[in-house]
Every structure is written in C-alpha cells, then in structure tokens.
Amino acid sequence: KSDGFCRRPNMFKKQQQDVFEERYLRCISILGKGNFGSVELCRYDPWGDNTGDLVAVKELQSNKQATMADFQREIQTISSLHCDYIVKYKGICYSAGRLSTKLVMEYLPYGSLIGYMEKHRQNVCTRRLLLFASQICKGMEYLQSMRYVHRDLAARNILVASDTLVKIADFGLTKIIPVDKEYYRVTQPGESPIFWYAPESVSELKFSHKSDVWSFGIVLHELFSYCDISRNPKRLCIQKIGSYVQSSSMAIHLLNLLKDNWRLPMPSQCPPKVKIKTDFYMNVFVWVTLTN
Ligand SMILES: C=CCCn1cc(-c2nc(Nc3ccc(C4CCNCC4)cc3)nc3[nH]ccc23)cn1
C-alpha cells in the first residue's frame with residue numbers, strides 16, 4: 001500500500017546508478033510508445049531461471065527527432081525523482097552492440113490509465129476518480145517542488161500501479177525552470193497535441209507550473225469522462241473548430257476559442273457532485289461537494 005510518500009533526495013548521496021547487463025535483459029513484449037521511444041516489458045534474469053524481476057525498458061527510437069541528449073536528460077530527470085506518484089527509475093543498460101543506452105524502470109502491471117478505464121470503467125466510482133486525481137496532483141506538486149515542468153501531462157502518460165494507485169510517467173519533454181525565471185520557452189513545437197496546452201503554450205510555446213496546472217485540468221476532464229475516446233479533448237476541440245481545418249492552422253483556431261472563453265464541456269458522465277472548470281487564468285477549480 002502506498003503511504004503517499006514523496007521525499008526530496010539526499011542531495012549528498014549520489015544516486016546509485018544501477019547498471020543492468022544487457023545479456024540478462026530478456027525482452028518479453030512491447031508495452032507502448034512514449035515521447036521519442038518505445039517501452040518493452042523485460043525480465044532481468046541473471047540466474048537464467050525466470051526468477052528475475054519484470055522491468056519496463058525504454059529505448060530511444062533512432063528515427064525520432066529526439067537526440068541522445070534529450071534521452072540522457074530524460075534519464076537524468078527520472079533518476080532524480082523519488083515519489084510514490086511518479087514511475088520509479090531502476091537503472092540503465094548500456095547496449096554495447098547498438099551503442100545506445102536503455103532506461104530501466106519499475107513495471108506497472110495495469111498499463112496506461114486510458115486502457116485501464118476502458119477495461120474497468122464499470123467498477124470505478126467517483127471516489128476512486130478523485131483518489132486518482134489527488135495522486136496525480138501530489139505527483140505534480142512534488143515535480144513542481146523540484147522545479148520541473150512536465151509539459152506533457154495527459155491521461156496517456158499516467159500509468160496504473162494497482163486498483164488504488166496511479167503514477168505519472170514519460171518525462172521525455174520535462175524541463176527544469178531556471179531559478180531566475182517563471183517559465184520555460186521551447187524553440188520548436190514538439191509533437192504532443194496542443195489540446196492539452198495552456199493558451200500561452202499554444203501561442204508562445206511558454207511552459208510553466210501554471211501551464212502544467214492547465215494540463216491537469218484537461219486530465220481531470222479525461223478522468224471524469226472515464227477516458228472515453230468519444231470525449232477525448234482532441235476530438236471535442238476539432239469537433240468545435242471544424243474537422244476541415246488544416247492542422248497547421250489548428251493552433252490559431254484553438255487559441256481564438258479559448259480567448260472567447262470556450263472550454264471543454266462538462267463530462268456528461270461526471271456525477272453532479274463534481275464540477276470541473278479551468279478559467280482563463282489557468283486556475284483549475286474542482287468543486288467537489290462530497291455531500292451524500
Ligand atoms: C507512459 C506512456 C508512454 C510510454 N509507455 C510507458 C509504458 C509503461 N508501461 C508499463 N506497464 C504496462 C503497459 C502496458 C500494458 C498493456 C495492457 C494492455 N495489454 C497490452 C499491454 C501493461 C502494462 N509499465 C511501465 N513502467 C514504466 C513505463 C511503463 C508503456 N508505454
């Protein structure tokens with residue numbers, strides 16, 4: 001049972017860089033694709049008798065625009081995070097043959113939140129949705145305390161550890177806010193869809209803790225829509241904007257909608273007790289009247 005523990009690492013204790021030997025890493029299946037990389041389920045089995053641990057191994061996909069430097073930064077980021085609501089770093093594996101590094105993480109057996117909701121939707125009650133929301137919130141609070149901006153908070157990047165524990169994953173786009181600044185401006189738009197972006201991220205590629213809060217609001221919408229594909233934020237925005245609009249001008253159409261105060265509609269499956277609203281100032285209000 002998770003005790004909801006997020007501690008700041010002992011700044012003096014060097015993170016023990018656990019090195020996994022590639023020859024003992026047995027690939028079992030592909031788990032998914034993240035920013036720039038694919039994630040495989042592997043068993044680390046030095047004794048060769050299938051008693052080794054199951055681990056999730058992420059490898060940089062060479063054809064992606066991301067560089068090894070981006071992947072090294074992702075490894076540096078995740079290895080510095082120690083929180084029950086953030087997927088745990090286990091170590092790295094130097095792949096001699098392919099001159100590449102692999103990131104070894106804890107394997108979360110239930111997969112992504114989206115897949116979990118599709119499968120278990122019938123027995124996920126409001127209280128469990130609020131538990132998941134509070135865990136994501138605590139994980140993001142910890143990330144902010146470490147001056148990290150996730151930049152890609154979305155239900156697709158939330159993993160399910162158990163029926164009562166979810167964790168934030170995929171730190172491929174995460175950046176550190178410089179000490180003297182309130183935000184991080186990226187030079188080129190990434191691949192992640194703009195429908196989770198705050199207005200200032202859409203218009204100026206500016207990312208901050210506040211833009212992460214906006215994305216958290218979108219995640220709440222996904223959560224209380226039970227990650228229903230028909231209620232997907234991208235789908236609802238494009239329905240509103242018009243599917244004939246080219247993707248190149250989608251950003252300006254989305255920005256105009258947000259400036260006109262259009263917001264994602266309240267999820268119809270959302271129980272009447274829960275009201276979710278993001279106002280233009282990126283404040284996310286979750287009015288939860290836990291009246292019986
Ligand atoms: C963050 C999202 C983008 C990149 N990404 C990360 C992972 C990932 N997945 C898992 N577990 C898991 C994933 C999928 C399934 C499914 C279930 C349905 N049938 C097919 C298999 C079952 C378990 N553990 C992990 N630890 C660290 C990463 C990680 C996957 N994709």
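Mentor: The residues of the shell around the ligand comprise 10 nonpolar, four polar and four charged; here Ala, Val, Leu, Ile, Met, Phe, Trp, Tyr, Cys and Pro count as nonpolar, Asp, Glu, Lys and Arg as charged, and the others, Gly among them, as polar. This is a predicted model, in which local features need pLDDT of at least 70, side-chain atom pairs count only at pLDDT 80 or more, and totals for chains, interfaces and linings use all residues. Residues are numbered from 1 along each chain as its sequence is written, and side-chain values use heavy atoms, with hydrogens and water left out.

In total, 18 residues surround the ligand, each with a heavy atom within 4 Å of it. The closest are Ala56, Glu106, Leu108, Gly111 and Leu159. A polar backbone atom of Glu106 is 2.7 Å from a nitrogen atom of the ligand, and a polar backbone atom of Leu108 is 2.7 Å from a nitrogen atom of the ligand. Taken alone, the ligand exposes 640 Å², of which the protein buries 73%; such areas come from the Shrake-Rupley method with a 1.4 Å probe.

The elements that give two or more residues to the shell are strand E1 (25–33) and strand E5 (100–106), strands being DSSP runs of at least two residues, numbered from the N terminus. E1 gives the most, with three residues.

Definitions and conventions: Polar contact = N/O pair within 3.5 Å; in protein donor to acceptor, adjacent residues only side chain to side chain. Helix = DSSP H or I, 4+ residues; strand = E, 2+ residues; numbered from the N terminus.
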